[in-house]
Amino acid sequence: MKDSTDRPAPQWNASPNAKAKNVVQRSVTALLDELAPERVLKRVEQLPETIEQHRTPTGCVLQAADCAVSVSWFANSAKDATRGELHVLVWRGKVTRRGMPPSRKGATFIADLILRPIEAPTDDCVWQATDGARFDTSSLAAKCLALLEEQIGRHA
């Protein structure tokens with residue numbers, strides 16, 4: 001007689017179920033919250049920081065004086081077997097955000113890191129880059145910040 005614990009682990013190539021989609025979405029939200037927390041309206045105006053954090057519903061932009069890192073989540077349709085892609089882009093210059101007038105000198109694309117969620121044994125998502133590198137949510141946030149710091153160092 002087979003033990004009920006001997007079932008094969010669910011594969012990510014099966015169509016996504018609601019629980020798996022929710023785990024991925026929570027991981028995306030946690031990453032964005034770590035990189036660019038939602039702003040709370042305050043009566044007192046705050047001084048500008050060295051790195052400006054701009055949040056959108058599906059991503060964020062971390063803008064330094066002469067460089068930036070943008071993170072964008074592209075969820076796939078329910079019919080697709082994959083869970084979506086996370087794009088981390090490194091820019092030289094000022095990134096133009098939606099609703100803002102374009103800057104005179106646009107930003108120049110430098111590098112990208114494309115990640116897909118892979119199944120993990122916990123409630124947190126593990127991200128795998130196209131080069132095979134794997135990150136959990138906190139190490140991916142650290143990687144994004146390291147990419148920005150590297151660019152800041154080059155322009156200092």
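The accessible surface of the protein is about 10600 Å², and 54% of that belongs to carbon and sulfur atoms. Accessible areas here come from the Shrake-Rupley method with a 1.4 Å probe, and for residues only the protein chains shown count as cover. This is a predicted model: local features need pLDDT of at least 70, side-chain atom pairs count only at pLDDT 80 or more, and totals for chains, interfaces and linings use all residues. Residues are numbered from 1 along each chain as its sequence is written, and side-chain values use heavy atoms, leaving out hydrogens and water.

**Overall layout**

The protein has two helices and seven strands. Helices (H or I, at least four residues) and strands (E, at least two) are DSSP runs, numbered from the N terminus. Read from the N terminus, the order is α-β-β-β-β-β-β-β-α. The protein has 156 residues, and 33% of them count as buried. Buried means under 20% relative accessible area, exposed means over 50%, and partly exposed lies in between (1.4 Å probe, protein chains only). Now take the contacts (heavy atoms within 4.5 Å). Among those with a separation of 6 or more, 47% link residues 24 or more positions apart.

**The sheet**

The seven strands form an open sheet in the order S1-S2-S3-S4-S5-S6-S7, with antiparallel pairing. S1 and S7 (134-135) are the edge strands, and each pairs on one side only. Two strands pair if DSSP finds at least two bridges between them. Strands of a sheet pair through backbone hydrogen bonds.

| Strand pair | Bridges | Sense |
|---|---|---|
| S1 and S2 | five bridges | antiparallel |
| S2 and S3 | five bridges | antiparallel |
| S4 and S5 | seven bridges | antiparallel |

Some partners can be picked out by name. Val61 in S2 is the bridge partner of His54. Gln63 stands opposite Ala68 in S3. Trp91 has Phe109 in S5 as its bridge partner. Hairpins link some neighbours too. Two residues connect S1 to S2 in one hairpin, and three residues lie between S2 and S3 in another.

**Strand S2**

S2 is mostly covered, with five of its five residues buried. In a regular strand the side chains alternate between the two faces of the sheet. In S2, both faces are covered: Gly59, Val61 and Gln63 are buried on one side, and Cys60 and Leu62 on the other.

**The cores**

A nonpolar core is a set of buried Ala, Val, Leu, Ile, Met, Phe, Trp, Tyr and Cys residues joined through side-chain atoms within 4.5 Å. The largest one has 27 residues, and Val71, Leu115, Trp127 and Leu140 have the most contacts inside it. Several elements each supply at least two residues of this core, including helix H1 (18-35), strand S3 (67-74), strand S5 (108-118) and helix H2 (137-154). A second, separate core has five residues, among them Val61, Ala68, Trp91 and Val95.

**Helix H2**

The buried residues of H2 are Thr137, Leu140, Ala141, Cys144, Leu147, Leu148 and Gln151. Seen down the helix axis, they fall within an arc of 120°, so they line one face of H2. The arc is that of the directions from the helix axis to the C-beta atoms. An α-helix has 3.6 residues a turn, so residues three or four places apart point the same way. The face of H2 turned away from the buried side carries the exposed residues Gly153 and Arg154.
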